Amino acid sequence: MAAPGENLKIDGQRLWDSLMEMAKIGPGIAGGNNRQTLTDEDAEGRRLFQRWCEAEGLTIGVDQMGTMFARREGTDPDALPVYVGSHLDTQPTGGKYDGVLGVLGGLEVIRTLNRLGIKTRHPIVVTNWTNEEGTRFAPAMLASGVFAGVIDQDWAYAREDAKGVRFGDELARIGFKGDEPVGARKMKAFFELHIEQGPILEEEGIDIGVVTHGQGLRWIQCTVTGKESHTGSTPMRMRRNAGRGLAQITELVHEIAMKHQPNAVGAIGHIDVYPNSRNIIPGKVVFTIDFRSHVLPTLEAMVAELMDKAPRLCADLGLEFSSEIVGQFDPPAFDEGCVGAIRDAAERLGYSHMNIVSGAGHDACWINRVAPTAMVMCPCVDGLSHNEAEEITPEWAEKGANVLFHAVVETAEIVE
C-alpha cells in the first residue's frame with residue numbers, strides 16, 4: 001500500500017486549539033479537568049465532539065454502551081474501516097490530555113484529509129470509548145471490555161458509583177444509550193494515540209513511543225485479620241495488630257517487584273483500616289495489591305510468591321490472611337503490522353522513536369483481542385498523569401498526531 005509522503009502533516013495549532021476548547025468543559029480546580037464518565041460534563045464534551053465531527057461530514061453511531069463512532073466514508077463500501085480514537089472521560093482530578101489527545105488526534109486526521117481532499121479506500125472511524133477511566137464506575141475500560149466480549153453488558157449496566165447510581169441509568173439519563181449492539185462492528189485495524197503517562201520518553205529525549213506491548217495486571221484484594229484492642233492498655237506481647245501485617249506485606253510487595261526488574265511493578269494503593277480509631281489497635285485491614293508486567297510468566301511468578309509468603313508472614317504475627325483476585329488481564333502484544341506502520345511513520349517523518357511498553361491500561365488493550373491494534377505515545381512532563389498538573393507541549397502533540405495520521409492513512413490506503 002502507498003504510504004503518505006513525509007510532507008503530509010496535520011495542523012498542530014488546530015489540534016492544540018481543539019484540546020484547549022475541550023478543556024473548558026468540566027474544568028478542575030487546579031488547571032486540569034473533572035469530566036467523569038456519564039456526568040453532565042461528560043455529556044457536554046460528547047456533544048461538542050459530535051458537533052465537530054458532523055461539521056466534517058462524518059456520520060455518528062452510538063452503541064448500547066454509549067461509545068461514539070464518527071465515520072468518514074471510503075471509496076470501497078465493502079472495505080473494513082480503520083478505527084482510531086481513545087476516550088473523553090477523565091479522573092476527578094484529571095489532566096487535559098489523557099485520552100482526549102487520542103480522540104481529538106483522530107478527529108485531526110479527518111480534518112487534514114478533508115482539507116487536502118484526500119480519499120481513502122477504507123472508511124476511517126473516530127471513536128470515543130465510554131468509561132475508560134473507571135473512576136466513577138469500576139472497572140476501567142468498561143465499554144471496550146464489553147465490545148471485546150470480556151465483560152458482560154448487563155453486569156456493566158449494573159455497576160454503581162459511590163452514591164449507588166447505576167451505570168445503565170446514567171447512560172440513559174445523559175442521552176447516550178444508543179441502539180447499536182455492542183461489538184457488532186468489524187475493524188481492519190485500531191490505532192490509539194496517548195500520552196505516555198510515564199517519564200521514559202521525556203527522560204530519554206525521544207519524540208515517539210512505539211508501543212509493542214501493554215502490561216498485564218493482577219489486582220489482589222487482601223484481608224488481614226487480627227484483634228481490636230485498646231492501644232493504651234494492651235501489652236505489646238499480647239497484641240494481634242493487623243496493621244503490622246499490612247506493613248510487612250507492603251514491604252514484601254516491594255521486594256517481589258524489585259526482584260523482577262526491569263519488567264515488573266507492584267504497590268498497594270487502596271487501604272481500609274478497621275475500626276480506624278486513634279486508640280484502637282487495628283483488628284482488620286483490607287487492601288489491594290497492584291502487580292503489573294508485560295511478561296506473563298513474571299506476572300504469574302509475582303502472584304505466586306505473594307500467595308506463598310503473605311499467609312506465613314501473617315501467621316507468624318498471630319494474624320489471619322485471605323485474598324481474592326478482583327481485577328486481571330494478561331499482557332497484550334500489539335499487532336506487528338500495526339506496530340510496524342507506526343514505526344515506519346516515525347522513520348518517514350524523521351522523528352526519534354523507541355519501543356515502549358504501556359504501563360497503564362488502555363482501550364486498545366481490550367480491542368487488541370478482536371482486531372489488529374497498536375498504540376503511539378508522546379512524552380508528558382515528568383511522566384505525570386491522573387493529575388491536574390499533567391502537561392505536554394504543542395510540539396509533542398503535533399508529532400504524535402503526525403505519526404498517527406501516517407499510520408492510519410497508510411492502513412486505510414490512499415486512493416490516487
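Helix packing, nonpolar cores and local backbone features

Helix 10 and helix 12 pack with their axes 8 Å apart and at an angle of about 120 degrees. The two helices are therefore oblique to each other, an angle of 65 to 115 degrees being required for the roughly perpendicular class. The structure described here is a predicted model. The crossing in which helix 10 passes helix 12 is right-handed. On the side of helix 10, the contact involves Ala341, Ile342, Ala345, Ala346, Arg348 and Leu349; on the side of helix 12, Asn402, Val403, His406, Ala407, Glu410 and Thr411 take part. By residue class, this contact of helix 10 with helix 12 comprises seven nonpolar, three polar and two charged residues.

Leu349, one of the contact residues of helix 10, belongs to a helix that spans residues 336–349. Leu349 has a relative accessible area of 10% and is therefore classed as buried, the cut-off for burial being under 20%. When residues up to four places away in sequence are not counted, Leu349 touches Glu6, Leu8, Lys9, Asn402, Val403 and His406. The C-alpha atom of Leu349 is separated by 53 Å from that of Val273, a residue 76 positions away along the chain.

Helix 12 (residues 394–412) also packs with helix 1 (residues 12–22), the two axes coming within 9 Å and crossing at roughly 110 degrees. This angle makes helix 1 roughly perpendicular to helix 12. Helix 1 passes helix 12 in a crossing that is right-handed. Helix 1 contributes Gly12, Leu15 and Trp16 to the contact, and helix 12 contributes Pro394, Ala397, Glu398 and Ala401. Five of the residues in the contact of helix 1 with helix 12 are nonpolar, one is polar and one is charged.

A further packed pair is formed by helix 2 (residues 40–55) and helix 3 (residues 100–116), with axes 10 Å apart and an angle of about 15 degrees. Helix 2 and helix 3 are therefore roughly parallel to each other, as this class takes in angles under 35 degrees. The crossing of helix 2 past helix 3 is left-handed. Phe49, Trp52 and Cys53 of helix 2 meet Val103, Leu104, Leu107 and Arg111 of helix 3. The contact of helix 2 with helix 3 contains six nonpolar residues, no polar residue and one charged residue.

In soluble globular proteins, nonpolar side chains tend to be buried together. The largest nonpolar core of the model has 93 residues, of which Leu104 and Phe191 touch the most other members. Helix 12 supplies the largest share of this core, with 10 residues. Leaving out residues up to four places away in sequence, the contacts of Phe191 are Val82, Tyr83, Val84, Gly85, Cys338, Ile342, Ala374, Leu404, Ala407, Val408 and Thr411. Another core, of 25 residues, lies apart from the largest one and includes Val253, Phe291, Leu313 and Phe321.

Glu324 is located in strand 12, which covers residues 320–329. With a relative accessible area of 46%, Glu324 is partly exposed. Its contacts, leaving aside neighbours within four places in sequence, are Trp219, Ile220 and Gln221. Thr288 is 36 residues from Glu324 along the chain, and the C-alpha atoms of the two residues are separated by 9.5 Å.

Phi of Asn276 is near 65 degrees, a positive value in a residue other than glycine. Asn276 counts as exposed, at 64% relative accessibility. Gln197, in the loop between strand 5 (189–195) and helix 7 (200–204), is another residue other than glycine with a positive phi, near 65 degrees. At 18% relative accessibility, however, Gln197 counts as buried.

Methods: Residues are numbered from 1 along each chain as its sequence is written. This is a predicted model: local features need pLDDT of at least 70, side-chain atom pairs count only at pLDDT 80 or more; totals for chains, interfaces and linings use all residues. Side-chain values use heavy atoms; hydrogens and water are left out. Axes are lines fitted to C-alpha atoms, for helices over the stretch in contact, and angles run from 0 to 180 degrees between N-to-C directions. Helices (H or I, at least four residues) and strands (E, at least two) are DSSP runs, numbered from the N terminus. Angles under 35 degrees count as roughly parallel, over 145 as roughly antiparallel, 65 to 115 as roughly perpendicular and the rest as oblique. A crossing is left-handed if the near helix is turned anticlockwise from the far one by less than a right angle, and right-handed if clockwise. Contact means heavy atoms within 4.5 Å. Ala, Val, Leu, Ile, Met, Phe, Trp, Tyr, Cys and Pro count as nonpolar, Asp, Glu, Lys and Arg as charged, and the others, Gly among them, as polar. A nonpolar core is a set of buried Ala, Val, Leu, Ile, Met, Phe, Trp, Tyr and Cys residues joined through side-chain atoms within 4.5 Å. Buried means under 20% relative accessible area, exposed over 50%, partly exposed in between (1.4 Å probe, protein chains only).
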